[in-house]
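These are my notebook entries on a single structure. I set down what I looked up, topic by topic.

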Amino acid sequence: MEIVVDDLQAFNDFAVEFAHKLRAGDVVLLTGDLGAGKTTFVKAAAAALGYDGLVTSPTFTLLNEYSGKIPIYHFDMYRLKSSAEAIESGLDEILRSGEGVCFVEWPQKVAGILPEKNIMIDISVHGDNSRKLKIVE
Ligand SMILES: Nc1ncnc2c1ncn2[C@@H]1O[C@H](COP(=O)(O)OP(=O)(O)OP(=O)(O)O)[C@@H](O)[C@H]1O
Ligand SMILES: [Mg+2]
């Protein structure tokens with residue numbers, strides 16, 4: 001499906017609605033250019049999943065964990081240097097543990113490790129504050 005949202009509020013509303021349907025074991029892959037809104041999406045989704053703390057891009061650590069109603073794993077592979085580093089971050093294990101919801105920014109960097117069953121969300125800038133979301137489940 002494809003949806004265009006006009007502003008940040010509508011974007012966040014969509015992310016919240018989407019997150020309410022997520023279950024433990026779900027893997028959400030977020031693609032889109034720098035500044036498209038991947039981390040913003042995770043922020044709204046994590047709040048919808050019951051996490052009330054700070055969500056920041058795990059750029060240097062590759063992984064942030066948040067405790068909501070279920071565990072939330074937030075990966076960002078942008079600065080990944082090797083697939084060994086991805087494995088060390090726990091990606092492979094966590095993606096397949098079925099324990100919580102996983103969000104992965106820049107999944108292209110770890111294409112070989114991703115499970116076949118996933119939800120892909122591609123975000124593109126569609127105007128200053130407007131965004132187009134393409135979702136493939
Ligand atoms: N409709 C919108 N939806 C999402 N973000 C928006 C929207 N309008 C404006 N923005 C702004 O765009 C920026 C998106 O930044 P964000 O960090 O989420 O991008 P990102 O895709 O995670 O980038 P990176 O690849 O660097 O991690 C934020 O500053 C956000 O406030
Ligand atoms: Mg980001």
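Which residue in S6 is the bridge partner of Leu29? I found Met120 in that place. The model I consulted is predicted, and I therefore kept to its limits: local features need pLDDT of at least 70, side-chain atom pairs count only at pLDDT 80 or more, and totals for chains, interfaces and linings use all residues. Residues are numbered from 1 along each chain as its sequence is written, while chains are lettered from A and ligands numbered from 1 in the order in which they are written.

**Entry 1. The sheet**

I looked up the strand order and read S1-S7-S6-S2-S5-S4-S3, an open sheet of seven strands with mixed pairing. Strands here are DSSP runs of E with at least two residues, helices are runs of H or I with at least four, and both are numbered from the N terminus. Two strands pair if DSSP finds at least two bridges between them. The edges are S1 and S3 (63–67), each of which pairs on one side only. The twist from one strand to the next averages 20°.

I then took the pairings in turn. S2 and S6 are parallel and share four bridges. S1 (residues 2–5) and S7 (residues 131–136) are antiparallel, also with four bridges, and Val4 stands opposite Lys132 in S7. S6 and S7 are antiparallel over six bridges. Within S7, Lys132 is the bridge partner of Ser124. S6 and S7 make a hairpin with five residues between the strands, and Gly127 in the turn has a positive phi of about 145°.

I checked how far H2 is covered and found eight of its 11 residues buried. A residue is buried if 20 or more other C-beta atoms lie within 10 Å of its own, exposed if 12 or fewer, and partly exposed in between, with C-beta atoms placed from the backbone. The buried residues of H2 include Lys38, Phe41, Val42 and Ala45. The buried set packs against H1, S2, S3, S4, S5 and S6. Just after H2, Gly50 has a positive phi of about 95°.

I next looked up the largest nonpolar core, which has 35 residues. Such a core is a set of buried Ala, Val, Leu, Ile, Met, Phe, Trp, Tyr and Cys residues joined through C-beta atoms within 7 Å. H2 gives the most to this core, with six residues. Ala45, Leu49 and Phe103 have the most contacts inside the core. Leaving out residues up to four places away in sequence, Phe103 touches Val28, Leu30, Val42, Ala45, His74 and Phe75; contact requires C-beta atoms, placed from the backbone, within 7 Å.

**Entry 2. Around ligand 1**

I counted as near any residue whose C-beta atom, placed from the backbone, lies within 6 Å of the molecule. There are 17 residues around ligand 1, and Phe11, Gly37, Lys38, Thr39 and Thr40 come nearest. Helices H1 (8–19) and H2 (38–48) are the elements that give two or more residues to this shell. H2 gives the most, with three residues.

By class I read six nonpolar, seven polar and four charged residues in the shell. Ala, Val, Leu, Ile, Met, Phe, Trp, Tyr, Cys and Pro count as nonpolar, Asp, Glu, Lys and Arg as charged, and the others, Gly among them, as polar.

**Entry 3. Loop residues**

Most residues other than glycine have a negative phi. Leu62 is buried because 21 other C-beta atoms lie within 10 Å.

Trp106, in the loop between S5 and S6, also has a positive phi, near 55°.

Val110 is found in the loop between S5 and S6 and counts as buried because of its 22 C-beta neighbours inside 10 Å. Aside from neighbours within four places in sequence, Val110 is in contact with Met77, Leu80, Ala86 and Leu91.

Technical notes. Contact = placed C-beta atoms within 7 Å. Axes fitted to C-alpha atoms, helices over the stretch in contact; angles between N-to-C directions.
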